[in-house]
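Have a look at the sequence and the 3D view first, then read on.

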Amino acid sequence: MEVTPCKDAASGWVWLTLPAGTEWPAGQPAEGVEVHSRIDPGLRRLHAALHTAGHLVDALARPHGFQHTGNSHFPGQARIEYAVDGAEFDKDELAATLTTGLDKAIAEALPVTAGEQDGRRTITIEGLATEFCGGTHVTDLGLLTDVAVRSVKVKSGRLRIGYTAEHAESAI
């Protein structure tokens, strides 16, 4: 059966829910019961593209002095958020600078690698940034297509940079 991811706004936890009116055959699966799962490869690639593009947007925005406060990598609402603390900047100029950086990094097909630091998984975009992250990513930025800054706005004291991204192999 298909499940839907849901995110609790207060805690940030994501869990899977069953379709309406659907129940596990005999209630909740008991510990030790074998469960089979299937991953939609195209959707997984889309999420990897959006997640990696989020790291890239963040790596290009942080040198402007913004403090990262949150993000969403879900299709249709992907964004990175920053505290701006009264900083003044031109939103159009920032969008243009980010777009130039995105295009350059993607054209260079910078490698994206996983590592470990202090017992925690890291993700590195070669030459740009290393962060702690347990998500799924593309292996190099050349696999990203249709990456664009879709919005740059300030709301409730936060800078929100919305973006789009696709995976070059999403149709496979």
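Ser156 is found in the loop between β8 and β9, and with 73% relative accessibility it counts as exposed. Here, exposed means over 50% relative accessible area, buried means under 20%, and partly exposed is in between (1.4 Å probe, protein chains only).

Before going further, a word on what you're looking at. This is a predicted model, where local features need pLDDT of at least 70, side-chain atom pairs count only at pLDDT 80 or more, and totals for chains, interfaces and linings use all residues. Residues are numbered from 1 along each chain as its sequence is written, while side-chain values use heavy atoms, with hydrogens and water left out.

**The whole chain**

How many helices and strands does the protein chain have? There are 2 helices and 9 strands; these are DSSP runs numbered from the N terminus, with helices being H or I of at least four residues and strands being E of at least two. Reading from the N terminus, the order is β-β-α-β-β-α-β-β-β-β-β. Taken along the principal axes, the C-alpha atoms fill a box of roughly 60 × 35 × 35 Å.

Of the 172 residues in the protein chain, 33% count as buried. The accessible surface comes to about 10700 Å², and 50% of it belongs to carbon and sulfur atoms; these areas come from the Shrake-Rupley method with a 1.4 Å probe. Now think about contacts, meaning heavy atoms within 4.5 Å. Among contacts in the protein chain with a separation of 6 or more, 54% are between residues 24 or more positions apart.

**The sheet**

Which strands make up the open sheet, and in what order? There are 4 of them, in the order β3-β4-β9-β8, and the pairing is antiparallel. Because β3 (67-72) and β8 (144-155) stand at the edges with a single partner strand each, one side of each has no neighbour in the sheet. From one strand to the next, the twist averages 20 degrees.

In general, strands of a sheet pair through backbone hydrogen bonds, either parallel or antiparallel. Two strands count as paired if DSSP finds at least two bridges between them. Here's how the pairs in this sheet line up:

| Strand pair | Bridges | Sense |
|---|---|---|
| β3 and β4 | 5 bridges | antiparallel |
| β4 and β9 | 5 bridges | antiparallel |
| β8 and β9 | 9 bridges | antiparallel |

Gly70 has Glu81 in β4 as its bridge partner. Arg79 stands opposite Gly162 in β9, and Lys153 stands opposite Arg160 in β9.

**The helices on the sheet**

Helix α1 (residues 41-61) packs on the sheet, touching β3, β4, β8 and β9 (158-167), and its direction makes about 140 degrees with that of β9. Helix α2 (residues 91-107) lies across β8 and β9, running at about 160 degrees to β8. For these angles, axes are lines fitted to C-alpha atoms (for helices, over the stretch in contact), and the angles run from 0 to 180 degrees between N-to-C directions.

**Three residues to look up**

Is His55 buried or exposed? His55, which lies in helix α1, counts as buried because its relative accessibility is 9%. Leaving aside neighbours within four places in sequence, His55 is in contact with Ile123, Ile125, Glu131, Cys133 and His137.

Next, find Val147 in strand β8. Val147 has 13% relative accessibility, so this residue counts as buried too. Beyond neighbours within four places in sequence, Val147 is in contact with Ala53, Leu102, Ile106, Thr164 and Ala165. Val147 and Ile106 are 41 residues apart along the chain, yet their C-alpha atoms are separated by 8.8 Å.

Finally, go to the loop between α2 and β5 (112-117), the place of Ala109. Phi of Ala109 is near 50 degrees, a positive value in a residue other than glycine. At 29% relative accessibility, Ala109 counts as partly exposed.
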